[in-house]
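Dear colleague,

My notes on what was found follow directly below it.

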Amino acid sequence: MPSIKLVFFDLEGTVLCKCSGATETKVAPSSWFTIAQHLGEEALNKEKATQVRWNNGEYSGYLEWMEDTICIHKKYGLKRNVFERILGTVDLMPGAEATFDSIHSAGVHTALVTGGFKEQACRAGVHLGIRHVYAGCEYFWDEEGRLAFWNLLPADYHGKVDFVRSVARDYGYCREELAFVGDGQNDVHLVPIQA
Ligand SMILES: [Mg+2]
């Protein structure tokens, strides 16, 4: 029986606590919801509407959903300082440091995959010594701190499966040598994975 060589983790609600104010019905990373909250009621209602459209299958995929949400951030004037403050207030899940220390001490590597923001994922990755970090969205800002550009990657739902398969294939690990820890509906596609 092969032993576990690599453990993949979801970010929000798993390595990090959920953002304050996030609803239980929110399937997408809760930082999206919290940012919309800070942009006002109209922005929040539009954000909730994207959730409904996603649940109704009206988007071609996760990238189109993210693009729609980012348009809300752009329209309602998300600034870099607000973005960083929101992401910076999210704590590590209690026990996260000890958990990663224990895994790494056993010679097992870790990876992080999230449909959320690269800035947040990399901060956790650096702090916890995570070897691979893959995130759905990275923001770029102009000199006035306004959202200027964004890079989107398919890092949620089936995109998580693709990432796990890709990393496992590169290392030559079989499925029995992999583990995944997550908390949401967006992680369930990983359950029947065939590495
Ligand atoms: Mg999660």
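Val7 is partly exposed, because 19 other C-beta atoms lie within 10 Å of its own; by the convention used here, a residue is buried with 20 or more other C-beta atoms within 10 Å, exposed with 12 or fewer, and partly exposed in between, the C-beta atoms being placed from the backbone. The model is a predicted one, in which local features need pLDDT of at least 70 and side-chain atom pairs count only at pLDDT 80 or more, while totals for chains, interfaces and linings use all residues. Residues are numbered from 1 along each chain as its sequence is written.

Val7 belongs to strand S1 (residues 6-9), where helices (H or I, at least four residues) and strands (E, at least two) are DSSP runs numbered from the N terminus. Apart from neighbours within four places in sequence, Val7 is in contact with Ile103, Val108, Thr110, Ala179 and Val181, contact meaning that the C-beta atoms of two residues, placed from the backbone, lie within 7 Å.

Going through the pairs, S1 and S2 run in the parallel sense over 4 bridges, and Leu6 has His109 in S2 as its bridge partner. S2 and S3 are also paired in the parallel sense, over 5 bridges, with Thr114 bridged to Ala135 in S3. S3 and S4, by contrast, pair in the antiparallel sense over 5 bridges, and Cys137 has Leu152 in S4 as its bridge partner. The hairpin of S3 and S4 has 5 residues between the strands, and Gly145 takes a positive phi near 80 degrees there. As for burial, 8 of the 9 residues of S2 are buried, which leaves this strand mostly covered.

Two further residues deserve a look. Tyr157, in the loop between S4 and helix H7 (158-171), has a phi near 50 degrees, a positive value in a residue other than glycine. In general, most residues other than glycine have a negative phi. Tyr157 counts as buried, with 21 C-beta neighbours inside 10 Å. Lys160 lies in helix H7 and is likewise buried, because 27 other C-beta atoms lie within 10 Å. Not counting residues up to four places away in sequence, Lys160 touches Val113, Ala155, Asp187, His189 and Leu190.

Finally, the overall division. The protein is split into domain 1 (6-18 + 92-190) and domain 2 (30-88), with bounds that come from an automatic or database domain assignment. The centres of the two domains, taken over C-alpha atoms, are separated by 20 Å, and their contact takes 20 residues from domain 1 and 15 residues from domain 2. On the side of domain 1 that touches domain 2, strand S2 (109-117), helix H6 (118-128), strand S3 (132-141) and strand S4 (147-152) each supply at least two residues, the largest share, 4 residues, coming from S3.

Within the range of domain 2, helix H1 (residues 30-38) and helix H2 (residues 41-55) pack at an angle of about 150 degrees, with their axes 6 Å apart. H1 and H2 are therefore roughly antiparallel to each other, since angles over 145 degrees count as roughly antiparallel, those under 35 as roughly parallel, 65 to 115 as roughly perpendicular and the rest as oblique. Their contact is made by Trp32, Phe33, Ala36 and Gln37 of H1 and by Ala43, Leu44 and Glu47 of H2.

With best regards

Notes
Axes fitted to C-alpha atoms, helices over the stretch in contact; angles between N-to-C directions. Pairing = 2+ DSSP bridges.
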